[in-house]
Each structure stands twice: as C-alpha cells, then as structure tokens.
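My entries follow, in the order I made them.

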Amino acid sequence: MAVKNNLILAAAYLLIIPLLRGIANLDMVRSAECLEQAVILTGIFLIAPLPAPEQSKAIQDVVCTKKIPHWKILLLRFIMSMLLLILMVCLFSGIMVWKNCIFPFMPYVAGTVISAMALGSFGFAAAIFSNSVIVGYLASIGYFLLNSLGNVSEDSIFYLFSMGKGNYSTKIWLFGLSLLVIAVVFIYERRKR
Amino acid sequence: MEILKDTFMPYGKNNEIVIRNLSKNYGKKTALENVSVTIHSGMYGLLGRNGAGKTSLMRILATLSEASGGEISMNGIPIKETGKIREIVGYLPQDFSFYRGMSVYGAMDYLGLLSEIPDKIRRERILALLEQVNLKEDMRTKVKALSGGMKRRLGIAQALLHNPQILIVDEPTAGLDPEERIRFRNLLSEFAEDRIVILSTHISSDVESCCENIGVLNNGKMIWNGSTEELVGQAEGKVYLISAAKKQDKHIKEKYAVLNIISSQSGTQYRVLSDVEPEEKYMLQPPTLEDGYMYLLSQTEGGIER
Amino acid sequence: MKLYFKECKKIAASVIYYFFIAILVFSWFQNFRGVTKTEINWEKGIPPADIGFERPLLSKPSEEDDYFGSKVSEDDPAAIMMGVTRALLSEYESNRYATYPLGYYKAITLSDDEQKRVLEILCEITGLTEEQLKDLPEDYFPAVTGTIISFDAMSVDENGNLNTVMGNRADTESGDDKYKHFVSQVTYEHFKELMREMESIIGENGSQYSPEMMITYFGMSEMTYEEACEEYNQTISNDKVTGGFARLFCDYMGLELGLYPIFLVVLIWMKDRMGNASELIYSKKISSARLVVSRYLASVTMVLLPVLLLSFESLVPLIAFGAEKGISVDYFAYIKYILWWLLPEVMAVSAIGIFFTLLTDSPIAIAIQFLWWMVDKGVTGLSGDTKAATLMIRHNTLRGYEVIQDGFQMICRNRLLMAGIGILFVILSIWVLKFKRKGKINAANIYHKCFGHMQDKLSFGSKK
C-alpha cells in the first residue's frame, strides 16, 4: 500500500522525462547524463517516503506492538522498492537503447540504480530520524541539487554523476555509503522499538 | 469556580439551540435523518451507540461540517453565519490532540490567538483555566509528554478559553480514570449553570449524574428527547433481579434481555428487562438510566434484543 | 498581528527551518561567499587564482594596461563564422545535433535529405567540395574559437598547471588560401540567413545556430580602454559599487528560493493535519483570511530573513572599501534587489505551496514546484533572459548593468506577475480553507472518487 502510491508517482515522473529532454540518439556521455541527472530522481519517489505510513504516533503505538517487529516491515518495503527501482531503470534504459542510444547497458543500469539508491536512502534516513517525510524529501532533493548545481566536487565520494565523467569508483563508494546509511537506520529502528 | 465567575461574564437563561429536520448524508449513507430538537440552558446529554450519528451532529453544530438539509439556529444565530457561531461555541473533539512540540501554555496561547481573545485578558484567562483544570504546574510541559487525562483537561480548558455560550463535548470521559471522570463532570456542571453544554457519549453513567435532559440517537434518528427522569421512568416496573443456577444460564439469556450478571459464591443473579413478571424468583429493581436506555432501544427495534 | 509573530516563532522552532537555512547557507558558501573579498583584493593588486576572461571590476582602468577584459559582441564576424562552421562540421559528421529546448540536452538526428542540405550549406560557406571537407588539414581551424578552447591549445607547464594560449585569433586575410585555413566565402548577413535555415532544419530551440548562441559561444572580443572605462564608471556611479554584487547575490539566492521555501510552507500546513490540530483550529473564531495571511506573511518573512543577513557578508566590506576610496556606496542595494527580485519569487512559491497543500492534504506541492523549478532553470539563460513568466531572474555576472536597464520594463512586468500569482494563490487558498473548515472539501474523498475504482481494479491484494 505504501509502495503503490510511490510507484505511481515514480512512473508518472519517468513518463515526463522524455518531454523535458531527449532520450533518443544519445551518445555515451549524454546517455549517462540523462540517466544520472534525471532518472535517479525515481529513487526519491520510491525510497524516501517509505516511513510515511507510521508517522502518526497513534499508528506507531499500534503497529509497533504487534508480533512482527516494525523494522522487518520497513525492510520488506525497502527491498520491494529496490526491486521496483531496478525494474524501472532497466525498462527506461531499454527504451533508450531502442531509441538508438549507445551505452554499455549493465554498467549504466547498475550505476543509475546505485545513485538512485544513494539519493533515496539519504532522504529515507532523514525521514526516519526526524519523523517527517517532508524533511526526507528536502534532504534528498537538497542532495540532488547540491550535486546538480556544482556544489559537490566531482572527486567527492558523494558525487552522484560520476558515470558521466567515466568514473565508476565513486559508485562503489556510494553503494557502500547507502548500505551503511540503511544499516544505521535499521539498527536505530530496531533499538527504538 | 469563583475564579471563573470573576473572569467570565454570565449569560442569561435565554440560551437555546433550535434544530429542525436536520439531515446529513455522506454519499449514499445517511448519518442523520430528520432530527428535530430544542435544547435549553444546562447540560444536555446525547446518548447513542457508536455509529448512531452523535459525532456527525456534534461536528455540524461546531460548524465543521455542513448539514444536507434542515435548519439550525443557536441563540438566534443561523448556523450559516459561521464566524458568529464560532465565537459562541466551544468544541472539544473526541480525539483531542495538538502540536506535539508545543508547551501547554503555548498551545493555550496559540488557540487563544485563533479565538481572537485580546492580549490583556488572554493571559489572565489562560492561567485561571489552567488552574481550574489542574494543569497550572504543567504549564511548560510539552503536549507529547501529557497523559491521556491531562490532554483531555487541556482540551476542556482550550474549549472554554473564549468563554463560549455553548459548549460541545464529544465523548469527554473516554479514557479517563474514575476520579478524573468525576472531576470532569463537576467542572462541566458548574460551567453549565448559565450555558448550554452538550455532552455526547455512550456511557450512560456520565449522563445520569449531571444531565437534566437527554436525546437518544439511533441509526441517525432521534428516538427520544426528554428529561432524564422520564427516560429512567420508561423502565419502571420492568427491571427484575432473578436468581438462578448456573446451568440455567443459557435458558435465561434466551428468554430475557440481560442487563447485568452478578456472580457470587451463593449463586448467580441476573438483572433483566421484562415486560411481564418473570416466572423465576425475582426482585423488582429501581431502574437506572441505562435500563431506560436499553428498554428504549429494544422498543425501537421491536422486541427485546437478545 | 500577534498571530503573525507567533507563526514566525513557530517556524523558527521547527527542525525543517534549520535544514532550510543549512542548505541556503551551504549554497551561498559554495557560490557567493568570498566573491566580494576577491574583487576588493584584486583591486588592491592581488589577482584571484583563476582570472578567466574578465577585468577587475573595481579597478579604474589606465591607459597602460595591456588587457581590458573581454566582452561578447558581434564585432568579429569572422571569428563567429569560423567557430560556428567548425561546430556545424563536427555535428554533421556525427549526425548528432545538440539542442536544449527546455534547457536539457536533446540530440537531433537528421534525415538523409536534410543532411544533404547541411552539406550544401557547408560547401557554400567554406567554398570546398565534399571530398575536400572530408580531408581537411590539421590546422584548418585555429586552436581557439571564441570561448571553445580545443584541447591541443592547452599545454602543461612545470607546475602541472594547464595553460591556454590566449589571443592570436586567426587573422584571416582575404588572400589567404581557403584550402589551408578557414576563410568564409559568404558575407556575415548571408551566413546568418543560412544559420536561420539550419535552425529550422533542426526544428528545435536552443541549438548552437540560434543567433544568441552563436554570439555567446563564438563572439568574443577584447574590450577597448574606452569600453573598460565606461564599464568602470557604470560600476561606480550607476551601480554605486554594490549594485553588481547585489545582482549576482540575488542570482544565486534566487535559485534556492525558487524551490526550498516550498518545503517550509508544506510542512506548516501539513503539521495541522498530523497533529490532529485541524479540528481545533478550524472551529475557532478566526477568519480563514486572517489565518492564511498571517502564516503566509510569516513564511515569506522567515525565508527572506536569512537571505538578508547573508547579504551583510558582502555589504560591509564594500562599505569599508567605499569609505577608503572616497567613493559613495549604495547601502540599500541589497535590500532593493532582494525586494525587487526575490520577494515576488518567494511570494509566488509560498502561495502555491499553501494552495496545493490545503487542497490535497499532501506534499504534492513539492513535486509541482520542483517541476516548475527544473523547467524555469532550464529555459532561462544565465543572464538577461527574463521573460514574462520567468520565476527566477538570472544574472550570473557582476557586470551587465545595461542588461538590466534594457530589460527593465520586462523585469518589472514579470515581477508584478509573480507577485500577482502570489496574491492570487493566497486568495484561492483562503477560499479552499473556508470550504475545508465547513467539511465541504475533503481531499481523501475526492481522491477516492477519482481514483477509487481504478485503485480497486489495480489492487494487488497483500501489497503493503
């Protein structure tokens, strides 16, 4: 239920992308640009708002006293969202290839998913710690814009668009960081309840 | 109560709420159907099962919802003039809650601002009311740290802040312990001396002790409107205490509407409703409001419910 | 107006306000901080680390200087034609034409017929045949054309710094061999005609062949002493020193303020719902108008306050500079530009936030505003490109006083429109709130009515 709404929003967003920018006939650099600078935003739609249903204290009191610990449910949602993310990125990339874009498929899909995951988990963590999904959105969008407006250096491990510069090592860092952030969040959730 | 009397100006005895043919629909669902009643000064109890339409009626009176049909006027002001109505009505909703990070005083102050109470009197009144509801020491406590009872007290304090002529309280004592419940009822009774207080609940004992008049809602219809005594009187001569052995339990439950079961070492006693004298050994009981209420419901639904 | 102050305090006590300030300050830190100091130091003789193409803004030019900065102009058509032709040839060869219709890259591929026509144009301009075009000598084009520096023009010195060979624009004489070096065979006027045709062949906006792009990329020339003096005088007497800095400041801040305030506004209104406070608040006497307007003014105030405070980082040194040099400085330049450029923007953004949050009881206003922000940022050029519906005024330069003068009317109209949008949405919000308080608008019900049967059909059962 929580995931369904996010899915619809993410799908709508992906449909809007071709209206704003070209997704056909892109070379490697431009394809990376399109994927990294537009598609990764789906990460925000799918992952950042995952804690939303339990924001009200009343619901928390009900949900967290059930047999299945809350963090497991959250983890389940997260995994489902990740699967959906991978699926959607693959689909979108597939369409790009069909429209004559040239790029290495698997590496780019992986890179995009990782950046999206980083973006989403950042917001997810912010939402959990501040108990407000809106703060989560702000954190994610802020992170994205700081990258987009050039305030994050290209060499930094937080850089989201490294694929376009031909650099994959940042992705590994990003992946590690995302996992770390997610782990911290879940440990926190586990402790809290 | 002296503090309140000094701070608040009393109103005359000509308070009155007139409701005529009120109905409310949510799509195909009918919440209220042709409700007509006139309410005067004092405590008025609104009884009914959950889902009978009490909260819908409360919300319409608090101007949070619009009627689908019918007319309402409060102290001569038609309900459509929401600004004026909101000035004379105080509302305590069923799930009272507020910004968790605000202090008790802060919450009162904010709501007082929203009620457009002038600065000078506002502080005085807030302190007086908080003292009245016993929250003065917790002035700086944040809302999220308040217990259920304390929240309700804050709720009543904010509802009284602008000195309304009409107070609407939805399920006021839900979640309060017996002591708090009594204190609450006393507070409301005092306030009701020159004003209208409408109390909606499904707990009869709340109503019994302090309301002169009662309305009973059932499935959106007002099936009773009159004095408390009269409602109690409905069950006069119809409440019996029967002693029976445990093995007759099922039989008794099938035969009568059982109001209460008292088990003791000497045996089991059943308090039942019956139009005629029971066959078993019985003792006639003076009815309570609950009995009257149950009797009324059973009459409305044709026969006594099992 | 005590409610207004209380609302301001409420905002100041919220977590999200500090996130907002943090992001604002971080961006400011990365972009604008130190710019003032740098210019002041430059005037004192300490040039900045990367000079680029410009001259020190605050230094009075003297006749002995050997470089007066550069400007974008059409003074050197030969250079423009050369740069554009080079780009055209490269795009023709790969059949990938770059366009930026909404500010984001879109590649256009042409059909065979269209490519043929492009070839014809190329041949006409260069005077070469197709085979000759395929086999051009290496130095056919010079290293530097306009602001596009080709890689081989750069060299690495002992310290490992990249240097570019500046100057030496290819001076083409008419007697030059057109096979060895690029010599345009058409007049500049005809060239522009051909480029207009290119634009229509490509069919999308924002290609390199539009007049603005051509000049921006390739039309660079050096300023003369007189021009430099004029710029300096403008800075000192018209701009009163602070004006240029205020504009650049507002350019950067405007980018942030076009989006981030929406989070603040959305949270304020969603908090009512989340704390279940709406029932209480809605049943109070206060009119919807007063409630909305108080909160609206409070948001606008609290958003602009940190911006105003940040401006002092630049204002104070400039005042000191002016005092030192005996130049009069405009103390109020920052306030003027903040009120003129940023206030209407914040008004519009906040009002839209209130409206959509009240209407839908959801943070969808964030997505809507984000979309507007993305598109607006994409279609607006870096300076001087304010159109009627522009949200964020861009002026990414310390100079350009005359750009603002020229566009003055348009800017004023635009800002009035933004302020008008703000007021309009405030009125709409009041209206929505009025109905909400009576229970007439219930977002959940509307949503369910519209999407209810769709959702039921798509329902996945146990999906969480």
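**Chain C, overall**

I began with the secondary structure of chain C and found 18 helices and eight strands. I kept in mind throughout that this is a predicted model. Next I looked up burial: 38% of the 464 residues of chain C count as buried. Then I turned to contacts in chain C between residues at least 6 apart in sequence, and 76% of these join residues at least 24 apart.

**A helix pair in chain C**

I wanted to see how two packed helices sit together, and such a pair is described by the angle between the axes and the distance between them. I picked helix H10 (residues 242–257) and helix H13 (residues 288–325) of chain C, whose axes come within 11 Å and cross at roughly 150°. Angles over 145 degrees count as roughly antiparallel, so H10(C) is roughly antiparallel to H13(C). I noted the crossing of H10(C) and H13(C) as right-handed.

Which residues make the contact? From H10(C) I listed C:Thr242, C:Phe245, C:Phe249, C:Met253 and C:Leu257. From H13(C) I listed C:Val303, C:Val307, C:Ser311, C:Ser314, C:Leu315 and C:Leu318. Sorted by class, the contact of H10(C) with H13(C) has eight nonpolar residues, three polar ones and no charged ones.

**Chain A against chain C**

I moved on to the chain contacts. Here 28 residues come from chain A and 26 residues from chain C. On the side of chain A that touches chain C, the elements giving two or more residues are helix H1 (2–20), helix H2 (28–37), helix H5 (70–98) and helix H7 (133–148) of chain A. Which of them gives the most? My note says H7(A), with seven residues. The class count for this side of chain A is 15 nonpolar, seven polar and six charged residues.

**Chain B against chain C**

I then checked the domain assignment of chain B, which gives domain 1 (2–219) and domain 2 (233–300). Their C-alpha centres lie 36 Å apart. I found six residues of domain 1 of chain B in contact with seven residues of domain 2 of chain B. On the domain 1 side, helix H8 (204–210) and strand E9 (213–218) of chain B each supply at least two residues. H8(B) gives the most to that side, with three residues. By class, the domain 1 side divides into three nonpolar, two polar and one charged.

I finished with backbone angles, since most residues other than glycine have a negative phi. B:Asn34 is not a glycine, yet has a positive phi of about 50°. I placed B:Asn34 in strand E2 (residues 29–40) of chain B. Buried, exposed or partly exposed? B:Asn34 counts as partly exposed because it has 14 C-beta neighbours inside 10 Å.

B:Asn134 also went into my notes, with a positive phi near 65°. I found B:Asn134 in the loop between helix H5 (119–132) and helix H6 (148–160) of chain B. With 15 other C-beta atoms within 10 Å, B:Asn134 is partly exposed.

Conventions:
Residues are numbered from 1 along each chain as its sequence is written. Chains are lettered from A and ligands numbered from 1 in the order in which they are written. This is a predicted model: local features need pLDDT of at least 70, side-chain atom pairs count only at pLDDT 80 or more; totals for chains, interfaces and linings use all residues. Domain bounds come from an automatic or database domain assignment. Two residues are in contact if their C-beta atoms, placed from the backbone, lie within 7 Å. Helices (H or I, at least four residues) and strands (E, at least two) are DSSP runs, numbered from the N terminus. Ala, Val, Leu, Ile, Met, Phe, Trp, Tyr, Cys and Pro count as nonpolar, Asp, Glu, Lys and Arg as charged, and the others, Gly among them, as polar. Axes are lines fitted to C-alpha atoms, for helices over the stretch in contact, and angles run from 0 to 180 degrees between N-to-C directions. Angles under 35 degrees count as roughly parallel, over 145 as roughly antiparallel, 65 to 115 as roughly perpendicular and the rest as oblique. A crossing is left-handed if the near helix is turned anticlockwise from the far one by less than a right angle, and right-handed if clockwise. A residue is buried if 20 or more other C-beta atoms lie within 10 Å of its own, exposed if 12 or fewer, and partly exposed in between; C-beta atoms are placed from the backbone.
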